[in-house]
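Subject: Structure handover

Hello,

Here is the structure we spoke about. Please look through it first; my notes follow below.

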Amino acid sequence: MSRTWRRLRPGYTGGHDGAAGHDETTKGTTVEPNEVTEVLNRPLSQELLARDLTRLAYVAKDGTPRNIPIGFTWNGSQIVMCTTKNAPKLPSLRRNPQVALTIDTEVHPPKILLIRGRAELDVVDGIPEEYLRMNGSYQMTPEQRTVWEEQVHALYDGMVRIVVTPTWAKLIDFETTMPTAVEELMRRQEERRRA
C-alpha cells in the first residue's frame, strides 16, 4: 500500500496539500510564512529549487495567460529571475504582479513544486550577479564561459530582476502528495471500497 493510500484512511486530516493544507484552487487564503517555509525547506523542494529553469505564469496586457520558461536562482527566501529591460512581460507584471511558478522534473513520476507570489521588479545597471550565477550550471568550458560573459556585458547596459517572495507553495511527489483532485478521487474510491 502506498504512503498516499495510507494517508487516506479515516482520520487523515491532510496537511501536505500545500502550505497550511490549502489546495491549489483556494482563493483569498492567507497562508502563514512559516507554513510556506516548511514546504520549501523539504529536501525535495530544495532539490527542485536548485534547478535551472522555472515556468513563470502571469497575465498579459491583453488579459490572456502566459507561461514562459525562465532561468532562476533561489536565495533562500526569494526566487530571482532576470530579464532584459525591454521584455514584453514587464508591463504585464507592473499591471498585475501576481504570478505562479512551476519547477518540475522530466522523469516519471514527476516531482513538482508549485509556488505563488507577487513579482517585484528591480531595474539594475549592469548584469545582476544572479543572472551570471543562474547560467553557471550550463555546461561551458572556462573559455566558453569567458566569451559568454564578455558577450553578456557588451549586450546589456542593465537588466530587470524579477523577485518573487513565495506566499503559497505545494510540493507534489506522487508518493506522499498528489494533486488535490487526484487525492479526492482516491478518497472516493476508498469510500466506495469500504461501503
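Trp 148 counts as buried, at 18% relative accessibility; buried means under 20% relative accessible area, with a 1.4 Å probe and protein chains only. Tyr 131 is buried as well, with a relative accessible area of 13%.

This is a predicted model, in which local features need pLDDT of at least 70 and side-chain atom pairs pLDDT 80 or more, while totals for chains, interfaces and linings use all residues. Residues are numbered from 1 along each chain as its sequence is written, and side-chain values use heavy atoms, without hydrogens and water.

The whole structure holds two aromatic pairs (rings of Phe, Tyr or Trp, the last by its six-membered ring, with centres within 6.5 Å). The ring centres of Tyr 131 and Trp 148 are 5.9 Å apart and the planes meet at 25 degrees, so this pair is stacked (planes under 30 degrees apart). Tyr 131 is in helix 5 (residues 129-134) and Trp 148 in helix 6 (residues 142-155), 17 residues apart. Helices here are DSSP runs of H or I, at least four residues long, and strands are runs of E, at least two, both numbered from the N terminus.

Tyr 131 also pairs with Tyr 156, edge-to-face, at 6.2 Å between centres and 75 degrees between planes (edge-to-face means over 60 degrees). Tyr 156 lies in the loop between helix 6 and strand 7 (158-172), so the pair ties together parts 25 residues apart in sequence.

As for the chain overall, it has seven helices and seven strands, and buried residues make up 41% of its 195 residues.

Regards

Definitions and conventions. Buried < 20%, exposed > 50% of the residue type's maximum accessible area, 1.4 Å probe, protein only.
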